[in-house]
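Me: Could you take a close look at one part of this model for me? I'd like to know what it packs against and how its surroundings are put together.

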Amino acid sequence: MKTAVLTPTAQAQQEIELVKGEFTPAEASDVVCALIDEKINFHKLQRLQQWEGDHHCETAPLDGRIKELEEEKRIARAFIAKTRGLGQCLKIEGTLKISLAD
């Protein structure tokens with residue numbers, strides 16, 4: 001079996017177009033809430049894993065991020081709810097940018 005060695009490439013960043021398009025308010029709410037909920041669940045799982053390793057660990061940074069995301073979801077839902085009676089679609093663009101950490 002041959003072991004592959006990773007070498008630095010010229011491309012140090014990648015972008016992924018995660019969401020792009022027009023959505024009804026109901027669809028927009030589903031898309032935005034699902035994305036935020038997934039990120040919240042990721043942080044909750046990280047918090048649980050830390051706690052399992054050390055019941056006295058500091059989880060305040062994760063707790064804070066979870067609260068921030070829950071507030072962002074509330075704000076997004078309120079914004080989308082205001083558009084429901086207008087009969088218009090909402091445009092959502094979401095690009096992930098991946099690069100090497102400093």
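Reply: Helices here are DSSP runs of H or I with at least four residues, strands are runs of E with at least two, and both are numbered from the N terminus. A helix's expected span is 1.5 Å times one less than its number of residues. This is a predicted model, so local features need pLDDT of at least 70 and side-chain atom pairs count only at pLDDT 80 or more, while totals for chains, interfaces and linings use all residues. Residues are numbered from 1 along each chain as its sequence is written, and side-chain values use heavy atoms, leaving out hydrogens and water.

Let's take helix α1, residues 25-53. Its 29 residues reach 42 Å from first C-alpha to last, close to the 42 Å expected at 1.5 Å a residue. Buried (under 20% relative accessible area, with exposed over 50% and partly exposed in between, using a 1.4 Å probe and protein chains only) are P25, A28, S29, C33, I36, I40 and H43. As background, an α-helix has 3.6 residues a turn, so residues three or four places apart point the same way. The buried residues of α1 pack against β1 (13-23), α2 (60-83) and β2 (90-99).

Leaving aside neighbours within four places in sequence, A28 is in contact (heavy atoms within 4.5 Å) with F23, I80, L90 and I92. These residues also turn up in the largest nonpolar core, whose 6 residues are V19, F23, A28, I80, L90 and I92. Such a core is a set of buried Ala, Val, Leu, Ile, Met, Phe, Trp, Tyr and Cys residues joined through side-chain atoms within 4.5 Å. The elements giving two or more residues to this core are β1 and β2.

Over on α2, have a look at K73. K73 counts as buried because its relative accessibility is 18%.

Q14 counts as partly exposed because its relative accessibility is 42%, and L18 does so at 46%. Beyond residues up to four places away in sequence, Q14 touches L96, K97 and I98. The C-alpha atoms of Q14 and I98 are separated by 5.1 Å, though the two residues sit 84 residues apart along the chain.
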